[in-house]
Amino acid sequence: MFELAVPCEVFGIDRPELHDPWYSHVVCAPHPGDLETGQGAVLRTTHGLDDVVTADTVVVVPPLMAGPDPQARPETIEALREAYGRGARMLSLCTGAFVLAEAGLLDGRPATTHWMHATEMARRYPKVRVDPRVLYIDDGQVLTSAGTAAGIDLCLHVVRCDLGAEVANAVARRMVVPPHRDGGQAQFVDLPVASSASDDPIGMALGWMLERLDRAITVEQAAHRVGMSPRHFARRFREVTGTTPLQWLLSQRVLLAQRLLETTDLSIEVVATRCGFGSAAGLRSHFQRAVSASPVSYRRTFRQATA
């Protein structure tokens, strides 16, 4: 039920003050009517597979009864294939990836699911390149996420791609969740929780780096800031975040650049300087690689009117 609620929260609440029009969102089932859940609740929908076939984006959530269920109804599989064939964007949350795999839509693609079920998914669908480590994977037309809260990350990622970083950040603030967790971040970290802020050197380093995105930052400087050797710092950083310090720093700089391009009239050169890229050429190179758009075209698409 949690995963079902996530797209309802992100896409289903009309937010015209953030972007007008907002998404048009419906909950569909193979047969409209009452849907029983594993928690004893009953949900009702009036929308069926015809709405799936004609949708621009289809979000497949785990079965409402417990456990992954690759044995989806044949009519559901056919509707998903037809939607995909029409060019619909296909998302799965948690073990909803089993249904996309059963439909053959993940064949030859990288995909993820909840780490507890990743081995079973790889066994049943050997054509799928299952990655149990990451939060979500955007493979173009098909996007998959890991378990539970990772569905929030993927849905916010979709909003960010569709409507821009500023709108996605506003939705995240209303949901009281982090505005952005990179898809390559680790699903879970098998480390003890710090008892206080002083016991969390990586958290302290992240805050220190965020305050200095406009400056050159080295791993050695960040490690020295929290009293660790560069090698130990880099290892702990990857354990906590699932990525390297430099890759994390780059993603934060790109996010800042997105916000500045959307909300200010600053020149590309000034944006590059404020984000620590050094030059417009450096910004263009990293931005194009991360966002698949140039800074100029991104601003043209997502520029919001300023008061």
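Biologist: At 48% relative accessibility, how does E220 count?
Modeller: This is a predicted model, where local features need pLDDT of at least 70, side-chain atom pairs count only at pLDDT 80 or more, and totals for chains, interfaces and linings use all residues. Residues are numbered from 1 along each chain as its sequence is written, and side-chain values use heavy atoms, without hydrogens and water. Buried is under 20% relative accessible area and exposed over 50% (1.4 Å probe, protein chains only), with partly exposed in between. At 48%, E220 therefore counts as partly exposed.

Biologist: How far apart in space are E220 and T95?
Modeller: E220 sits in helix α9, residues 219-225 (DSSP run of H or I, at least four residues). T95 is 125 residues from E220 in sequence. C-alpha to C-alpha, the two are apart by 40 Å.

Biologist: Which residues form the negative surface patch?
Modeller: Patch members have over 30% relative accessible area and no salt bridge (Lys or Arg nitrogen within 4 Å of an Asp or Glu carboxyl oxygen), with like charges joined within 9 Å. Helices α2 (49-54) and α3 (74-85) each supply at least two of the patch residues. E82, in α3, is partly exposed at 41%. The patch is formed by D50, D51, E78 and E82.

Biologist: Which residue in β8 is the bridge partner of D139?
Modeller: β7 (136-139) and β8 (142-145) run antiparallel, joined by four bridges. Strands are DSSP E runs of at least two residues, and pairing needs at least two bridges. In the hairpin, two residues lie between the strands, and G140 takes a positive phi near 85 degrees. The partner of D139 is V142.

Conventions: Patch = residues over 30% accessible without salt bridge, like charges linked within 9 Å, V, L, I, M, F, W, Y side chains within 5 Å. Areas by Shrake-Rupley, 256 points an atom, 1.4 Å probe, with all protein chains shown as cover. Salt bridge = Lys/Arg side-chain N within 4 Å of Asp/Glu carboxyl O. Lys, Arg positive; Asp, Glu negative; His and termini not counted. Charge placed at Lys NZ, Arg CZ, Asp CG, Glu CD.
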